[in-house]
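User: I would like to go through the interfaces in this model with you, one question at a time.

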Amino acid sequence: MRAVSVIGTGLIKFGRYPQVSLADLGWPAVKQAMADAGVAPKDIGAVLCGTGLGGPMPGQRILGRLGMTGLPIINVENACSSGSSAINLGSMAIASGEHDIVMVIGVEKLTRFNGGTIPLEREDWEVRNGLVMPALYGMRARRYMNDHGLTREQLASVVVKSRRHAALNPDAQLQKPTTVEEVLQSRMIADPFTLYQCCPTGDGAAVVILCASELASNYSSKPIKVVASHIASGLFESGPRDMTSPEITVRCARETFEAAGLGPNDIDVAEVHDAFTSAELMYYEAFGFCEPGQAAHLLESGATSLGGRIPINPSGGLLSKGHPVAVTGAAQVVEVVRQLQGRCGARQVQGARIGLTHATGGGISGFDHGVCAIHIFST
Amino acid sequence: MESLSQPIIPQANQLLSSDFMRPCGDGIELIGQRCQDCGKTLFPKTGVCPSCRSENVHDQALAQVGTLYSWSVVHVAPKEWRTPYTIGYVDLPDNVRVFAHIGADPQQLRCDMPVKVAAADIGLDENNQPRPFFHFLPA
């Protein structure tokens, strides 16, 4: 199997663009990534396009705008891990020798749903009967608060850290610094989460160009190696299970670290799936950045802030950058690759050499999450 | 090899049918399925066992009393719902966790408290009529 590297990245600023079509959200990010990689259309062997809710054939719609058609284009749906699942497939397409360069797109237009919570599958028993994503995470948070003594103020402080990072990221939707009081005073969405503790949605597009490592220096002066690309699906469980430990992420992280020959202490920077405040804390523990029950302490110590031992979500994460479903996984890779290239300006994690991304996807009965995708990159 | 002469007509899991609960005494009981081959109990029933893939499953009445694992009060939901409403997970004997509405004042709720099933209307159906369902109340 051949080694794989990232040679180019592209990103539009997430936000509300109701007048812009999905195709027109996508192509500017494609052009930025191609310019970044120094590739021409003829260099690209295949395109994988992730979308969760964007409808049929998003890849063809985007590339039609640029006249880049006729090549293999495959669209990938895996909920909030669609973009990162597409990166996994793209990596395999290069590792296998089938293609030398693959372009991966994540694209989503959520303003067409007119706000509210992310639409879920109505055939699902729990969704049909009143489940919404904030409440699912809310139930996990409630139980964690019960079992570990986590407070509402500690939950809110995740947002304070997120906004502090986002203030340094021009690509974040929510850049205004906030306070614990302000977070707790925002309106209730699903107890214990107030509005600020829920990621905004919005529209977005992110592009990652993958290349066989042996060819990468022909294009990029700073290619970034894909050290591990791993996908796990959730375990169906109809009985009681511990919702304070995200089983799928614990398992996927263990498998990814094993495949990479690395451990949590080797990671210099990480972008994790902080869809709601409690999620970021539980993922500190799931990745082994701290012991079970110690997440709030790790946050309060400053270890996960910029300048700390293991900065988590330097981009501001989903909580401040926004969460256009399928784009998230690809956008996390854009951030970590740019961090490892030393191109992140005021939010740069100094000396970062190894970075990790983590996107989950859920919203169906019986699963902790349906899917988890973890990638590790290195300089 | 198995014969392929018979077409497969899928019919399991009538998802929106009302046969997930029935009267019992002065209340109701929930109806799940029990696998006759491996003993796995499942709610709601699907017609196939997720442990051994057997289709030899029978209706099984579930215990009326369980414990509240966790809950959340929902303030933002799709338009067919009247907010706020409370949902939770209730653990029943037979190794079943049930997604449910919780009928009590949220201030009364505690993790692991005993709760009992009862009939209740929730949300609205396609004709804007209240939909018969169930909720759990402090036992």
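Analyst: Buried area is the accessible area (1.4 Å probe) that two parts lose on being put together, summed over both. Please keep in mind that this is a predicted model.

User: How much area do domain 1 of chain B and domain 2 of chain B bury between them?

Analyst: Chain B is divided into domain 1 (8-62) and domain 2 (63-139), and the centres of these two domains, taken over C-alpha atoms, are separated by 20 Å. Of the area they bury between them, 67% lies on carbon and sulfur atoms, and the total is about 1100 Å².

User: Which residues in domain 1 of chain B lose the most area to domain 2 of chain B?

Analyst: By class, the side of domain 1 of chain B that touches domain 2 has eight nonpolar, two polar and one charged residues, and the count of salt bridges between the two domains is zero. Together accounting for 46% of what that side buries, the residues that lose the most area are B:Ile28, B:Leu30 and B:Leu62.

User: Which side chains of chain A and chain B meet in a salt bridge at 3.0 Å, N to O?

Analyst: Chain A and chain B bury about 3000 Å² between them, 58% of it on carbon and sulfur atoms, and the count of salt bridges between these chains is two. A salt bridge requires a nitrogen of Lys or Arg within 4 Å of a carboxyl oxygen of Asp or Glu. At 3.0 Å, N to O, such a bridge joins the side chains of A:Arg143 and B:Asp112.

User: Which element gives the most residues to the side of chain A that touches chain B?

Analyst: The elements that give two or more residues to that side are helix H4 (125-128), helix H5 (133-148) and strand S5 (188-190) of chain A. With seven residues, the element that gives the most is H5(A).

Methods: Residues numbered from 1 in each chain as written. Chains lettered and ligands numbered in written order. Predicted model: local features only at pLDDT ≥ 70, side-chain atom pairs only at ≥ 80, totals over all residues. Heavy atoms only, no water. Helix = DSSP H or I, 4+ residues; strand = E, 2+ residues; numbered from the N terminus. Domains from an automatic or database assignment. Nonpolar A, V, L, I, M, F, W, Y, C, P; charged D, E, K, R; others polar.
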